[in-house]
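Trainee: Hi, I'm new to this one. Could you walk me through it?
Mentor: Happy to. Let's bring it up and talk it over.

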Amino acid sequence: MKKIAALTLALVSTAAFAHTGAGAHSHGFLAGFAHPFTGLDHLLAMLAVGAWSVRQPNARWLPATFVGMLLAGVATGAAGLVVPGLETGIALTVALMGVLLAVAVRLPAAASTVMIGAFALLHGNAHGHELPQAASAVGLLIASSLLVYGGNVLGRVSPALAVKASGAAIAATGVMLAV
């Protein structure tokens, strides 16, 4: 039943509304909280980070690293730092996380931490441009934490084959988002 619920959430999310290019939203906490759930790229990336981190050696800090670096990325976006090719980069992080899950790649803890941190900076930067208000950032961080730690739980309770199949689907989605 949990797998069906997770799949349903993934399928009903809409990629088109996550980064409309319309500039900053004028909403507060609720807009920030809803944002990660309304963009397929962010939803899948955060769930994948959580699920993948379960299978990494000495990686209990990966989910917290992702959320912490997401906050740093939000700060860079709110400050106006523009990352060239940001949307393509975000889509490629989704694809790469899917591949890592699909083939059950295990990396050294330092490499995992650097990679996850870089991915989070990209995602956070995009959010910082669209949700620069402090209340929005708090909502974003809470929702992102729920998704990353939810992915962590799914990674723990799901059979390895289901995690790998999910990774393949996430990778394919990331590629589709990149084109």
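Predicted model: local features only at pLDDT ≥ 70, side-chain atom pairs only at ≥ 80, totals over all residues.

Trainee: Nice. Is helix 3 enclosed or open?
Mentor: Helix 3 is largely enclosed by the rest of the structure, because 14 of its 15 residues are buried.

Trainee: What share of the contacts links residues 24 or more positions apart?
Mentor: Counting contacts with a separation of 6 or more, 88% are between residues 24 or more positions apart.

Trainee: New topic. Where does UniProt put the transmembrane regions?
Mentor: The unreviewed UniProt entry places them at residues 33–54, 61–83 and 89–122.

Trainee: How much helix is in residues 33–54, and how far apart are the ends?
Mentor: That span is 95% helix and 0% strand, with its end C-alpha atoms 24 Å apart.

Trainee: And what about residues 89–122?
Mentor: Residues 89–122 are 82% helix and 0% strand, and the end C-alpha atoms lie 7 Å apart.

Trainee: Now helix packing. How do helix 2 and helix 7 meet?
Mentor: Packed helices are described by the angle and the distance between their axes. For helix 2 (residues 29–38) and helix 7 (residues 134–157), the axes come within 6 Å and cross at roughly 35°. The crossing is right-handed.

Trainee: Which residues make that contact?
Mentor: Helix 2 brings Phe29, Gly32, Phe33, Pro36 and Phe37. From helix 7 there are several, including Ala135, Val138, Leu140, Ile142 and Leu147.

Trainee: How many of the contact residues are nonpolar, polar or charged?
Mentor: Eleven are nonpolar, four are polar and none is charged.

Trainee: Last one: Ser112. Where is it, and is it buried or exposed?
Mentor: Ser112 sits in helix 6, residues 109–130. Its relative accessibility is 1%, so Ser112 counts as buried, the cut-off being under 20%.

Trainee: What does Ser112 touch?
Mentor: Leaving out residues up to four places away in sequence, Ser112 touches Trp52, Gln56, Leu62 and Leu107.

How values were computed. Residues numbered from 1 in each chain as written. Heavy atoms only, no water. UniProt positions renumbered as here; feature names shortened; annotations may be inferred. Helix = DSSP H or I, 4+ residues; strand = E, 2+ residues; numbered from the N terminus. Buried < 20%, exposed > 50% of the residue type's maximum accessible area, 1.4 Å probe, protein only. Axes fitted to C-alpha atoms, helices over the stretch in contact; angles between N-to-C directions. Left-handed = near helix turned anticlockwise from the far one by under 90°. Contact = heavy atoms within 4.5 Å. Nonpolar A, V, L, I, M, F, W, Y, C, P; charged D, E, K, R; others polar.
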